[in-house]
Amino acid sequence: MRRMRVTSAFLLTTAAILACALPNLAAPATIPAATLAARTMQALSALATPTIPPAATPIPTQLASPTSAPTTTSDLLPHSLYFLNNDKNGLVQIFRIERDGKTITQITFEPANVDSYDISPKDGSVAYVSNNQLFLVDVNGAGRKMLVDGGAINENNRLSNTVGSPVWSPDGKTIAYAEDGLNFYTLDGGAIAQVLKNDFDTSAGFLQVRAVYSPVRYSPDGGKLLINISYSENGTMGIYFLANQTMMKLNRPDGGMFCCHASWTPDSGGVYAASPTTGMIDSGLLYANASNGTVSVLLPGSAPDGTYNFADAPLVGPDGKLYFFFNNLTQIPTSAHTPLYMVKSESDGVTGRTQLKPDLFQNINEVLWAPDASFAVVAFAPVQDVYEGGEAEVVYPDARPNVVLTSFAENMRWGP
């Protein structure tokens, strides 16, 4: 989950062109400052259509009880944790932290940067993009196989043939990816189908983006795919229905963008989206009904009382509560890093909203909740002007201290 203040078109453009500079695993040393137009939008999970209250209410000062008991096993993590970092040669590769929270394994050894990746929920196979090619390796990085070769990047229109954003289906049989639109690669037989093609306009003598598509995350039931849709000046998200091969845009009633850090509900009935910064993209918390595309603004960036709402990383836990990071401020922060509290509430983001611990978290760049909401892995930027990755720490919703996993991690994902 990244912080940014740019249009969706630029978000997708940079996501397709992916170029980052990360510190080596051996040293948490200097991390070069990243641009705000960085790779974005990752997904988790959430709940059903919420009832919208008339206005946001302050967080109660009384702290909530822990969301779950500490683990009874010797493992710190419920699953292995994958992330991007530099290798010893300064190239971006995929690494894995084992469930003990200590053992780190390098998975890829590409001669060029790894730009994007995803993990099969079935067997831990890794699909990733490097050198404009889509590759597949097994859970240990062996059996490297090229699935798609995008060739040399078209410098006149990089979005016309840039390969990116691989996303595994829940059954592990299909990989959705971006290349001049939305594509599906079927593992059994290697068939490729393009279902949405990027649309560009050059009639005025220059390139203008009408629509650019890329996958974000499958619904838990595997029947829908959340996608990014970018235009020249703005964008939104949409839902692609696998059964009838149709696409539905998600449009806010106020005309704003449906963005940014999105997560499916456990029943696949809807999508939450949250933004912890404001600017060209409004801050706050949104919910979209996956059946009809209706978008509800749960926490408006500009609240009726003149304050501002900021939200990040929504997840619905096993108890049906909505877990996320939140703050309500009287002024917009000057930094793109909004200080946030860890909270939980009912599905509307407001009712019963309770602060889980007193800590105010600064410089959050990315959040990955444990699937049961028992903790979150948070990547903290070392300084305010770094907006990608950071020191990865386990943050508990109780009095337990944070546990540092690695000095730097970006684009974190759970293994199976």
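Modeller: The accessible surface of the protein chain comes to about 16,000 Å². Carbon and sulfur atoms hold 52% of that surface. Keep in mind that this is a predicted model.

Biologist: What share of the residues count as buried?

Modeller: 58% of the 416 residues in the protein chain.

Biologist: And how many helices and strands?

Modeller: One helix and 28 strands.

Biologist: Which strands form the open sheet, and in what order?

Modeller: Five strands, ordered β12-β13-β14-β15-β16, with antiparallel pairing. At the edges are β12 (199-201) and β16 (246-250), each pairing on one side only. From one strand to the next, the twist averages 25°.

Biologist: How many bridges join β12 and β13?

Modeller: Three, in the antiparallel sense; β13 covers residues 208-218. D201 has Q208 in β13 as its bridge partner.

Biologist: Switching to aromatics. How many pairs?

Modeller: The count is 11 aromatic pairs. Take Y272 and Y287: their ring centres are 5.1 Å apart and the planes meet at 65°, so the pair is edge-to-face, given that over 60 degrees counts as such. Y272 is in strand β18 (residues 270-275) and Y287 in strand β19 (residues 284-289), so the pair ties together parts 15 residues apart in sequence.

Biologist: Are those two buried or exposed?

Modeller: Both Y272 and Y287 are buried. F375 and W414 also make an edge-to-face pair, at 6.3 Å centre to centre with 80° between the planes. F375 lies in the loop between β25 (364-369) and β26 (376-380), while W414 is in strand β28 (residues 403-414), so this pair links parts 39 residues apart in sequence.

Biologist: Why does W414 count as buried?

Modeller: Because its relative accessibility is 15%, and buried means under 20%. F375 is buried too, with a relative accessible area of 4%.

Biologist: Which residues form the aromatic cluster?

Modeller: Y323, F325, F361, W369 and F380.

Biologist: Where do the arginines sit over rings?

Modeller: R400 lies over the face of Y396, 3.8 Å from the ring centre. R413 has its charged end over the ring of Y117, 5.6 Å from the centre.

Biologist: Last one: where is I153?

Modeller: In the loop between β7 (145-149) and β8 (164-168). I153 is partly exposed, at 22% relative accessible area.

Biologist: What does I153 touch, leaving out residues up to four places away in sequence?

Modeller: N132, R158, N161 and T162. N132 is 21 residues from I153 in sequence, but their C-alpha atoms are 7.4 Å apart.

Notes: Residues are numbered from 1 along each chain as its sequence is written. This is a predicted model: local features need pLDDT of at least 70, side-chain atom pairs count only at pLDDT 80 or more; totals for chains, interfaces and linings use all residues. Side-chain values use heavy atoms; hydrogens and water are left out. Helices (H or I, at least four residues) and strands (E, at least two) are DSSP runs, numbered from the N terminus. Buried means under 20% relative accessible area, exposed over 50%, partly exposed in between (1.4 Å probe, protein chains only). Contact means heavy atoms within 4.5 Å. Two strands pair if DSSP finds at least two bridges between them. Axes are lines fitted to C-alpha atoms, for helices over the stretch in contact, and angles run from 0 to 180 degrees between N-to-C directions. Accessible areas come from the Shrake-Rupley method with a 1.4 Å probe; for residues, only the protein chains shown count as cover. Rings of Phe, Tyr and Trp (its six-membered ring) pair if their centres lie within 6.5 Å; planes under 30 degrees apart count as stacked, over 60 as edge-to-face and the rest as tilted. A charge sits over a ring if NZ of Lys or CZ of Arg is within 6 Å of the ring centre and within 35 degrees of the ring normal.
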